Amino acid sequence: MPTNGKVGFGLLGAGLIAPFHANSIKASDGCELIAVADLDPARVKKVTDKFGCEGRRSLDELLDDGRIDVICVLTPNHLHRDATVKATAAGKHVLVEKPPAMSLKETDEMIAAARSAGTHLGIVLQCRVRKPILAMKEAIASGRFGRLLSADAYMKWFRSTEYYLSDAWRSSRRSGAGVTIQHAFHYIDLLQFLMGPGAAVQARMTNLMHPQVNLEDTLNAFVNFANGAQGVVVASTALWPGTDVRIEINGENGTAIMTGERMTTWKFRDEQPGDEAVRQLGRGSVGTAAGGPADFDFADHQVVISQMARCVRGEQSEPIIPAASARASLEIALGMYKSAATGQPVRLPVTDEESIWKD
Ligand SMILES: NC(=O)c1ccc[n+]([C@@H]2O[C@H](COP(=O)([O-])OP(=O)(O)OC[C@H]3O[C@@H](n4cnc5c(N)ncnc54)[C@H](O)[C@@H]3O)[C@@H](O)[C@H]2O)c1
């Protein structure tokens with residue numbers, strides 16, 4: 001902890017998502033951005049110049065710094081596990097960008113490492129904190145929807161070929177690129193957050209618009225949830241100019257739809273006094289990354305980061321998105337890859353996940 005009593009943060013990775021973390025830390029009371037580390041000194045300099053923190057070359061240098069309480073793991077997806085296990089073994093709390101890791105095995109190793117070190121481990125799946133999602137979650141918990149019938153995610157986005165070619169890992173399956181694990185993961189996670197675990201999936205993956213990369217840019221999947229509901233995930237980065245994500249929940253007694261960050265439908269058989277206020281939730285004018293990778297603001301990240309600081313100060317028992325709660329979302333995403341590869345429906349959990357990232 002820094003001598004001023006603030007919670008100290010260190011960023012591992014100074015790429016696209018780093019400024020979202022840096023801005024969030026700077027804007028959060030009782031938090032201090034101590035240092036950023038990256039293999040690429042030019043990227044480190046860009047962040048240190050903008051945010052006035054110190055620059056480092058490696059995770060080891062962050063771990064040696066006693067002022068740093070929390071490491072934010074902002075490296076490509078295939079590197080999440082090693083950095084997290086090492087940082088927790090050094091006694092640091094860790095916030096890992098989504099997806100938690102490339103496999104359930106890796107995720108379990110991260111969870112076990114944090115448990116044995118007695119440190120907090122949170123995942124940055126910041127869409128969960130959107131107000132319409134929290135309202136849906138509450139209505140589901142209170143039984144207002146009645147029997148849940150359907151839960152769908154429609155992510156019709158656009159990413160250019162330049163985006164995929166801008167860094168080697170963005171076009172590498174083994175590094176965790178591809179629309180399912182990289183972009184749609186947020187919305188697969190929202191469905192899992194709202195409905196609970198998946199029971200079975202069937203998926204098709206195609207490349208509609210990015211022939212230069214060997215990845216799926218489009219996912220069409222059918223999900224059976226363990227609670228008996230069903231749903232679809234339609235996700236693409238091929239659909240110019242990119243439109244706001246829709247999350248749709250239907251129960252026997254009501255329907256709710258979030259579009260981008262706005263609640264666009266909130267209709268129940270038993271209209272209640274607070275319903276009109278719920279219909280106004282969401283800021284509307286804020287970008288949600290539909291057309292470009294950095295086309296969103298850091299407000300949701302800030303909630304995740306400030307709550308991690310509360311955990312470090314002992315004011316909260318666990319991060320807002322504990323790693324274990326993201327595991328079931330990864331299970332669904334991995335099942336989609338397995339199903340697309342075999343052309344068959346897949347019962348969850350996937351049993352031979354090692355086969356999934358083979359080229
Ligand atoms: N939550 C969100 O909405 C969101 C949005 C974008 C990206 N992400 C996630 O953030 C993570 C990073 O994505 P990005 O778009 O910023 O990638 P990026 O390629 O722009 O940045 C990653 C950085 O990590 C650095 N790096 C790689 N290995 C390293 C190592 N061993 N030590 C130090 N630095 C190392 C690279 O040099 C690079 O600068 C990914 O997990 C991605 O899924 C999340």
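User: Which residue ranges make up domain 1 and domain 2 in the domain assignment of the protein?

Analyst: This is a predicted model. The domain assignment gives each domain as two stretches of the chain. Domain 1 is 7–124 + 298–318, and domain 2 is 130–290 + 328–347.

User: What distance separates the centres of domain 1 and domain 2, and how many residues of each are in contact?

Analyst: The centres, taken over C-alpha atoms, are 26 Å apart. On the side of domain 1 that touches domain 2, the residues divide into five nonpolar, three polar and two charged. The contact involves 10 residues of domain 1 and 11 residues of domain 2.

User: Is helix H9 (residues 185–195) largely enclosed or open?

Analyst: A residue is buried if 20 or more other C-beta atoms lie within 10 Å of its own. The buried residues of H9 include Phe185, His186, Asp189, Gln192 and Met195. Since 11 of the 11 residues of H9 are buried, the helix is largely enclosed by the rest of the structure.

User: Which residue follows H9, and what is its phi?

Analyst: H9 ends at residue 195. The residue that follows H9 has a positive phi. It is Gly196, with phi near 95°.

User: Are helix H6 (residues 131–141) and H9 roughly parallel or antiparallel?

Analyst: Ile133, Met136, Lys137 and Ile140 in H6 meet Leu190, Phe193 and Leu194 in H9. By class, this contact has six nonpolar, no polar and one charged residues. The axes come within 9 Å and cross at roughly 30°. Angles under 35 degrees count as roughly parallel, and H6 and H9 are therefore roughly parallel.

User: How are helix H4 (residues 80–89) and helix H5 (residues 104–117) oriented, parallel or antiparallel?

Analyst: H4 contributes Arg81, Thr84, Val85, Thr88 and Ala89 to the contact, and H5 contributes Glu106, Glu109, Met110, Ala113, Ala114 and Ala117. These residues divide into six nonpolar, two polar and three charged. The helices pack at an angle of about 10°, with their axes 9 Å apart. H4 and H5 are therefore roughly parallel to each other.

User: Are H5 and H12 roughly parallel or antiparallel?

Analyst: Leu104, Thr107, Met110 and Ile111 in H5 meet Ala323, Ala324, Arg327, Leu330 and Glu331 in H12. By class, the contact has six nonpolar, one polar and two charged residues. The axes come within 10 Å and cross at roughly 175°. Angles over 145 degrees count as roughly antiparallel, and H5 and H12 are therefore roughly antiparallel.

User: Where does Pro99 lie, and is the peptide bond from Lys98 to Pro99 cis or trans?

Analyst: Most peptide bonds are trans. Pro99 is in the loop between strand E5 (93–97) and H5. The bond from Lys98 to Pro99 has omega near -15° and is cis.

User: What kind of peptide bond joins Trp240 and Pro241, cis or trans?

Analyst: Pro241 lies in the loop between strand E10 (230–236) and strand E11 (246–251). For the bond joining Trp240 and Pro241, omega is about 5°. The bond is cis.

User: What is the phi of Ala289?

Analyst: Ala289 is in the loop between helix H10 (275–279) and helix H11 (299–312). With 19 C-beta neighbours inside 10 Å, Ala289 counts as partly exposed. Most residues other than glycine have a negative phi. Ala289 is not a glycine, yet its phi is positive, about 70°.

User: How far apart in space are Ala299 and Ser325, C-alpha to C-alpha?

Analyst: Ala299 is found in helix H11. Ala299 is partly exposed, with 17 other C-beta atoms within 10 Å. In sequence, Ala299 and Ser325 are 26 residues apart. In space they are 21 Å apart.

Note on methods. Residues numbered from 1 in each chain as written. Predicted model: local features only at pLDDT ≥ 70, side-chain atom pairs only at ≥ 80, totals over all residues. Domains from an automatic or database assignment. Contact = placed C-beta atoms within 7 Å. Nonpolar A, V, L, I, M, F, W, Y, C, P; charged D, E, K, R; others polar. Axes fitted to C-alpha atoms, helices over the stretch in contact; angles between N-to-C directions. Helix = DSSP H or I, 4+ residues; strand = E, 2+ residues; numbered from the N terminus. Parallel < 35°, antiparallel > 145°, perpendicular 65-115°, else oblique. Buried ≥ 20, exposed ≤ 12 C-beta atoms within 10 Å, placed from the backbone.
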